[in-house]
Structures are given as C-alpha cells and as structure tokens.
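Please open the model in your viewer and keep the selection panel at hand.

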Amino acid sequence: MHVDRFSEVIFLVFQVVEKNVDPETTLLTYLRRKLGLCGTKLGCGEGGCGACTVMISRFDNLQKKIINYSANACLFPICALHHVAVTTVEGIGNTKTRLHPVQERIAKSHGSQCGFCTPGIVMSMYTLLRNQPEPKMEEIEDAFQGENCLYDLISTSLFNPSAFQPLDPTQEPIFPPELLTHNNKPQKQLCFKGERVMWFQPSTLKELVALKAQYPDAKLVVGNTEVGKRKHFVPVWGFVNIIFAMGQISAVSEFSGICFGASCSLSHLEEVLRKAVAQLPSYKTEVFRAVIEQLRWFAGPQIRNVAQQTCFLSFLLLRIHICILILLDEPIDHGNNTKASFVLLIISSNKANICFLFFSKGEYFSAFKQASRREDDIAIVNCGLRVLFPEGSDCVQEIKLSYGGMAPTTVMARKTCQELIGRKWKEDLLQEACHMLASEMNLSPSAPGGMVDFRRTLVLSFFFKFYLTVLQKLNIELNAPKYHDVLKTLTTKLPPGQSIEDTVGRPLMHLSAAKQASGEAVYCDDIPRYENELYLTLVTSTKAHAKILSVDTTEAQNVPGFFCFISEKDVPGSNITGIANDETIFAKDTVTCVGHIIGGVLADTQEHSRRAARAVKITYEDLTPIVTIEEAIEKQSFFKWVRKIEKGNIQKGFEEADHIVEGEMYLGGQEHFYLETHCTIAVPKKEDGEMELFVSTQNLTKTQVSQFLGVDLIFAIGVRCMLDRDEDMLISGGRHPFLGFYKVGFKKNGRITCLDVSFYSNGGNSADLSFGVMDRAVFHMDNSYNIPNIRGIGRVCKTNLSSNTAFRGFGGPQGMMVAECWMSDVALKCGLPAEEVRKLNLYHEGDLTHFNQKLEGFTLRRCWEECIKNSDYHARRKFIDEFNRQNRWKKRGMAIIPTKFGISFTAGALVHVYTDGAVLLTHGGTEMGQGLNTKMIQVASRTLGIPTSKIYISETSTNTVPNASPTAASVSADINGMAVLNACQTIIKRLEPIRSANPKGSWEDWVLAAYQSCVSLSATGFYRIPDLDYDPEKNEGKAFAYFSYGVSCSEVEIDCLTGDHKNLRTDIVMDVGTSLNPAIDIGQIEGGFVQGVGLFTLEELRYSPEGNLYTRGPGMYKIPSFGDIPTEFHVSLLRDCPNSKAIYSSKAVGEPPLFLSASVFYAIKDAIIAARQESGLKEPFRLDSPATPERIRNACVDVFTKMCPSAKPGTFKPWSVRV
C-alpha cells in the first residue's frame, strides 16, 4: 500500500493538532515533555502502578453518547487519541483558583504522603464520579484496583467533613463541541510515521486485510496493554491499530448467545454481560457470571477500559478448549467442537465478532484463578472447567478441564476427561479425578515460573472446588461440615489552654498535600528540561560474576542523537566509591552482579539514549557466582566483620530448661518500590567548575559528586538521568534477606530461660550499610522479651547480587521476626495460648536488655493491655475457635505482637527572619512524604509564638545546611526538630530585649525594631543525641536514646485449598510520646504497617540460580494494593506518655510501626496450625517469610498436597532460588 501523505492527530488537552506524531510516543511522554503537564507521573511504564492515570473522553457512535474512562497514559499511544479529549489532574482544579472536591478531600483527609501517586488516585476517583456521581462502595474499591501505593491511606477521624465543598456535577468541564462535529464525517484511514515505526489506523476491514497482507509481521494494537509493556524489551517496528467494530453487539442466529465486536473493551463487555445476567435465566448465563467474576480480578480498570476481549480470552476462556479460528473471506471450520464451543470468533467480509453462547440446562461452568496478589495480578494457575449432564441426571455426558500456568500454553486434561465420561458425580469420581489429574498435570521440578508443588496442588484444589460447586447446583446434599465452607469467597485530644496559634499536637494538614493532589508538587524529573540537555542511560552487566573482555559501542554510535559513551576510563579522579570504599563508579575489568554499572550513554533524548545503551555490546568470560546465603555459608564467603552479643550463662540456661526447641527461619528481601525512581539532574554553572545537582536522595551529605563527565566534555550542558522501574530494581539494592538459626530453652509454663541465635544476611557485592543493619538485628533479637541467658551472632554474606542497603526498620524487623518465630514454637510446644506465653516473657519497667541498657518509661505493657481491650481479643478468640471447628477448608487465625524499637543521630537547621515578619526555615532532613516539613513548621511556630502561615520552608540543600545526617532511622523529626528549636531559641533570645521594651508590640514590630537595631535575624541550629556510648567489647553503655513501643492484633482468614488470605481486622496501639501531629503520625503508622504487610505476606524477590533478577516491575513484583488493607483498621495513640528525650515530648514514628504487621504473618500461621490439626499435625513447623499463597497452601498439609510429592533437592536445577 503506497502512502503519499501522513495524517495529523486531533485531540483535546488544550486544543492540540499534532502533525508530526511518532507512533512510539505515549500520551504520558507527550503530556510531560511537549505540553509540560507533569502532574501525570511515570511510576512503572507498564500500567501497573496507576500513577499515570488520566481520563479519556470520546463520543461512542454505537451507544450514541459521550463515554469517560480512566486509562494509563504510560501505555496509551499518542496515535490512538484521534478525536478524543484527555483530562489530566491539572484540568480539574488547582491551588491558585479552586481545588476540585476530590482533590480537596484527599488532601484534607490526610490521604497523601509522598504524593507521587496521588494524581493517579485523584483521576481514578474523578472518572468514577463523572460516570457515577453517587457511587457505591464496591464501585469505589473497584476504581482503585489499578492504583498501587505503599503510603497513601486516609485517617478518617482527624478531619472535619463539614468543611468540604460539595460536589457539583454541573461545574465539570464539558466534552469539547468541536470533537462532536468530527463524528458526522466519514472515517478515513490514518497513517503516522516515526523514526522506526509506521502506524496505520484502518477504517474498514478491507483496509485491515490489505495492510496485514502488505505488513505480515506488523503488530495488531487495540488497547496497547501488552505490546506497550513489551516495548522496553522487544523492539516493535510495525503497528496496525484496529478500531473497527468497537463495541459492536449483535444476536447470532445459528448459535444462541451474545456477540461482541473484536475490539470491544473488557469494561463494556462486563457491562453488557451484567445486564444479561440480570435479565435472563441463571442457567443460560452460567459462563457470563464466571467471566464477570474473573474480570473483577483481571488487571485494574485503567487496563480493562482499553484492553480488548481477545486479550482476556487468552487468559481465561481459551482454558476451556475453545477453537478460535481467524479466517478472512473463507468459510469457518469449527472442527468437531461446534456445539461444545462457548466462544466463537466469526469473521466474514464485514464482521469481526466474539460470541458468548447461552448454556442449556444441565450444563455447568466455573473459572478459577490464583495469583500472588488477589487484585490486579497475573495468574499463577487458572482454569476453565465445564461439565454437561443429561437433564435430570448426575451422570457426566461431557466434561472439559483446561488449565493455564501448567505448560507454555493452555493444556487440556484429555485423559482425565475421557475417563470421567459416563461416571456419576459422586465422591469416588472426585477421588479418582484428583489422582488422574495429579498424574496428567505434572510439571518438571525445573519448570519456568517455579512454585511447582504449589501449581500442581492448585490443579487438584480447583477441581475440588468445581466438584462441590456442581454438587450444590445439582441440589445434592453436601457432607457438612466437611465441605460446606469451600464455596465461600474470602471476602487526639489537645491539652487544655493551648493557644490557637500553637499547632503542635494538632492534626495539621500535610503542607504539600494540596499541591500533590493537584499535580503541582514538583518532583525531580518534573524540573523543566534545560536547553540542549543530554540524557544519560546506564549500561549494566548481564552477568552476576564475569570478566569484561570487550565493550563495543560501534552500533550505539549509529543511533540518532548519540553523543558519547563513558566508562571507568573517563573518570579523571578516583573510580572508587561506596560507604566502605569497596565499590566503583564504573566496573573495571570485572563485574560482580547483574546490574553492575559498566558505563553510560549520553544522547539528545531519553529514547535515543536508551536505544543506544541497548546497542552497546559487551563480551564476558564467566566466573562462578555466589548467589544465596547457603552458598555463601558453604564457601565461607563473608565480610570480615562479625557482631556478637552475649549475656548470662548459655549452658546453665539450657540446663534449667524443661524443653529445648531448635529451628530456622528465612526472611526474604524487599524492594523499596518508591513510586518515584532514582533521578539526578546535573547542571554545570560555567564558573569555577561548580556543579549543581538535583538528586532524589535522603542523604545529601553522602551523595558522591564525581567529575566523571567533566564540564569541558559536555560544554556546560545539563545532564539528566532517571531510571526506568526495571533498571531501578535491578541496580539498587533493597532489604537484606536473612537466615536465622535458633535454639531456645524454656519452662513448661512458657518462660524462656535461654536463647542462642545465629543470623546470616545477604549483603550483596559490597559492604554498604550491611554491618549497621546486622548490628540492629542483633540488638533487636529479643524483640520485647526478657531472656536471662542469651547469645546472638551476626554475619554478613558476600554474594554476587546488587549490594543490599538501608530499608525501613534497618535490620530490626528481621531480628524481631526470628524472635516471634521461636516464640510461636514455644507456645505450640507447651500447648499454651500464644498471647499468654508472649505476655509472660515481656520486659518490665527498669529491666536490663541483653545489651545492658535500662528500660525507662517502658509503656509496652500499657500498649499490650489497651490493644487486648480495643481488639476485644478474648471474645474474638472464642469466635475464631468455633469458626475453625465448623469449617474444614477455611480457617481463621489471630495474633497479637509487640515491638520495641531503639532510637538513636545529628542534625542542623537554618532560620531567617525577614523585616515583614516572614520566616524562612531550612533543615537538614529530606521531606519524602512523612510530614517532616509540616512538623518542623509546627515546631518553629510554637517556639517563635507565631502562626504557621508566616513560616515558609525551603528545600533541603547542602549550601544551606551542610553535613546533615541522613533522613533515616525514624529520628528526622527528633533531631531536626531539636535543631530548629535551637535556631529559633537563638532568635528569641536576641529579640528578648526588644520584646521587653515593647511588650504589647506585635511580632512584626519586634522584628522591624531588631533590624533597625542591627540585630541579626538569622540563626543556625545544631543537635546531636547525647550520651550514646555503647561499647560492644564490654556489652555496656547506652546504645539508644530511647525506645518506641507498640502492639498490634490482627485477624485473617485463609483458603486452605489455594493459599489465599484476607486481612479481616487489625488493631494497633502505638506509643509516639506526645504527638507533634496526630494525623501525620497515624498516617505513618498505617503506611509502615501496610509496607510491612507487603514484606511479610506478598513481596517476593525471585532470582535465577545464576543471580539474574526476575521480578523487575509491578508485573511480577507485587506490593500491597488497596484490597490488602485490613477490612477493619483501627489505630490509636497511647495517651499520657510524654518522652523527655525528644522534641516537645514526641517520639520517632517512621520505622517502629512496620514490624507490627508481623501480627498478620503470625495470624496466618495461627490459621495454618488449625488447618494442620485437621490432618493430625500438632508439632511446630517452618513457615518462611513472606507468607505467600504458595507457602500457605503447602503448609496446609492435606490429601491433595500428599498427591503431589516434592522432587528431591539436588536432583534438578530450580527455576528460581531463595537468595
């Protein structure tokens, strides 16, 4: 097909007519770079986080109305925007004129912390309200399914709803009338040509056929939800966009059912099927209801709104052995499955339809799916199961069992199906079917994807569920209580007399919340491009351990816009870096992990830079890598440093014990998964070699500035580098995986007499902060329990992984998690309630820890009693026990877990007071969503005695506050608050003579008088935590300034057949001293808890045996979604517990709450104990972290797991290894 001219795209954000459209440009890129609308964020680039959500509006010719739907701008091709309107977060409201009610509510309800994902959340809610002004709660929950955020939760009790402006639908922007006029014009074929890709948008099927004949390898794109995600890894050079038959619905004459156009979106398909289910007899819509249920868990609404049904069919409906043939202008051969087909793709000369057929009486269908996370996740195993009985009979006439996730493609259990025909739907059929399926649906122990035992067991579990579902529909009496549960779905008070201007202790709104909600908050990559700015893309190793033989940049130099390649040879100074000076800026001669930075490519645009980086060819000579902790132990690959703490007499402690239990526990690592990936902008200042850096870091002092670019090299041009999500996860380390070995001695009543623990962490290829992390793990190996005889040893393994580093909790959660593991074993061995054993061993006021620090102001027992009371623990425990007696395949569990977290750092601040009374405050901490800036303004407001409206805060910078401590270890408010207090007190002292001379004057009067009297109105502040003098050799002195305490009680329900679990309720009582800001502190507790839920139940890093990271984005690595938040979530702050050792009697709150989510893990373990008891298993058992569906299911030992025995370790090469 000859193309003599290229088309233009007409769409509305502002009035846009774009003539030179590159098909590889996404809407997100266009919004941010061309239009400068940076409120829409890049979080992952694959439609998995929701930070890029926008609203798309268009006129639907079939429905004859304007439709609005949310979509991922990171996947939406700019070429697909012809004749649509795009609404971004900037378009609905702003802080300069008026916030939209959605923006106002999330801001004032304390629902925004770091704020990076807030615009996406706002747009999801806004789109829902445009379609449903009064939505149901289920619709709200569904709208948020495509949003992933670790921190944005709403503290519902600390705001005044009456202060909100009402929602007025009549004030919303209208659909642009100029776009409506285009719908009356005949459609025509569009064509767009970019550097590498040509995009055709045919207007008829005939045009599509001709194009496909001319470009047989071109990709067919509708929603771009799959092709767009793969563009990072597979170059896509040819697109054909199908828009014909969009949403077409018609009846089928030969086959009774409903037909949809091939490009119909999943959301529209669901809407039509729901109407059919409401109107038709239930037996006819059997498959419709199954499709609707599976759609609920298929991706988020942003994907479902644009993804076409053929994409969904490949995940579900093909699982029931449907023969879908695409034959153009030819008769369709359905083979022998015409009558049995539920879905037929009919394509004639002018139709492209997918047909869902009505069922007949006696025909039953179920679909099941199990994923790592219930919402918005790809299936581990899924299936479509159908059976047909003669009317009025329970004898199988026809049966189809098809499974996904058990082979590279969908597989039918043909042998099993054949054997079941003619059999009665009785229990002997169930037993024989399970044995046959276990044999037929086998997997190699080395199968890609891993989780082999789990996947095999799911095949049987799904059939069991299907068997019972059909039994119920056949009205056959279930064997209660053995089976009846299988079919259930898991579903501040202020002190009196406080001044109104004194905001300390009040739930002041996060200072940046309104700007975050409106998209006005500026993040690093939102900074406008500098003229002639270059873009840097890193070139990293694909080998875990190898020698570099050669680096060939020939192909990269041919990429348009290529500027240069830099490597260790271009570093004029030292190439050595790292906290322990054991790292390099660029690898030299040898690489020691996958992701090791070898060099970088500079080019004129991000796209050109990435293409050129991929074109760099590196030749290696492989060396043997060390990947796992076990391999490191075997080969004695350790860093030389060892931490040991010992107290009491270990031998005597074990001799006094009635029982001794030994065990081990593995805790997986965790990816930080901050929504804003690492970004740096370097701007040469043209004089004296000065370089200004804008860096997304929480440790400015340790940000290493290497002159590897050289001002002369880049001709004073700025350079920008922002990592893709997959690059960020590959290059930057995360939380340390730990392996703990323990031996614990205890009395019959559960009193601990002795503990001996050995910790091993996977440090990666450099020391980084691994020693400090292990230090804290050993310091917290007691959690909150008084153990008279105790010894702990910690070693850091040196492996060929990216170096692991600081993470919220900094080793504390790992140490405490092992403590709760052996505590759980002790309770089980004694046959006593776990909460009684835990309470028995808690510290008391004045006790000495195992590192000999006296506990002062010990409020943990108060937290414990209050949590027991708030959670109604004992009554609910009885209910759970009764629930478990009545249910075989659903079990509930509950656990109450304490935490004691040590707080120990220095800080600086700078305060300027101007002649008009305004105050400019700068401190050494980094605001990253935790409300630090808000709290610092509150501190300054109280100290200076002025309203917060007079105080402004400047971004953290080394030219104002040098040598600041990292924003870490939960102490930022403590130390920076004290530094701010120190600086403000200096100002107050200088003003004191002026205030004494004019006591009735105003703040402005005093400041002006001071200026006129040449009194300095600028002051610095500094603070260091005093008296930290711990001596590890003597095991004495003060290791921490004070401790934060908390207790959490959680209840869960697990599905013993699939490993699924639901967090039903959590109650937390936290000691934060006298809170500086209850709203922010509760938000930190909630956010820390949810991040911990990810650590202990969801997030699993998976590596190949060669050290290659599989989980490089939200597609495979799952952080908690909105549905993982406990259904009931209660957080309370302990009253009347001032802390004399921190600013205004407050306490650190960032890290301590994270470990409280261990209550969910041990509630799951409690439920598994109940399940195992059904199989006669009562001894302690091992459950590693995270408690994924795989681990939960495998731990619930039953008849099905016994049918799928594990392969013997060492007899096969696993797909993934536990590092």
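Helices (H or I, at least four residues) and strands (E, at least two) are DSSP runs, numbered from the N terminus. The model is a predicted one, in which local features need pLDDT of at least 70 and side-chain atom pairs count only at pLDDT 80 or more, while totals for chains, interfaces and linings use all residues. Residues are numbered from 1 along each chain as its sequence is written, and side-chain values use heavy atoms, with hydrogens and water left out.

**First stop: glutamine 698.** Select glutamine 698, which lies in the loop between β29 and α20 (711-714). Glutamine 698 counts as partly exposed because its relative accessible area is 36%; the term covers values between buried (under 20%) and exposed (over 50%), computed with a 1.4 Å probe on protein chains only. UniProt lists Gln698, together with Arg808 and Ala969, for "binding site" in an unreviewed entry. UniProt positions are given in the numbering used here, feature names are shortened, and annotations may be inferred rather than shown by experiment.

**Second stop: a six-stranded sheet.** Now display the open sheet of six strands, ordered β20-β24-β18-β30-β28-β29, with mixed pairing; two strands pair if DSSP finds at least two bridges between them. At its edges are β20 (562-567) and β29 (691-695), each of which pairs on one side only. Neighbouring strands here are turned by 20° against each other on average, direction ignored; axes are lines fitted to C-alpha atoms, for helices over the stretch in contact, and angles run from 0 to 180 degrees between N-to-C directions. Next, select residues 606-615: this is helix α17, which packs on the sheet and touches β18 (534-540), β20, β24 and β30 (719-722). Contact means heavy atoms within 4.5 Å. The direction of α17 makes about 25° with that of β18. Between β20 and β24 (residues 597-603), which run antiparallel, there are five bridges; phenylalanine 562 stands opposite alanine 603 of β24.

Move to the open, mixed sheet with the order β26-β33-β32-β31-β27. Its edge strands, β26 (638-647) and β27 (659-667), each pair on one side only. β27 runs antiparallel to β31 (residues 738-746), and nine bridges join the two. Histidine 659 has phenylalanine 746 in β31 as its bridge partner.

**Last stop: arginine 776.** Finally, select arginine 776 in helix α22 (residues 770-779). Arginine 776 counts as buried because its relative accessibility is 7%. Beyond neighbours within four places in sequence, its contacts include Phe810, Phe901 and Phe1040. UniProt places "binding site" (unreviewed entry) at Arg776, Phe810 and Thr906.
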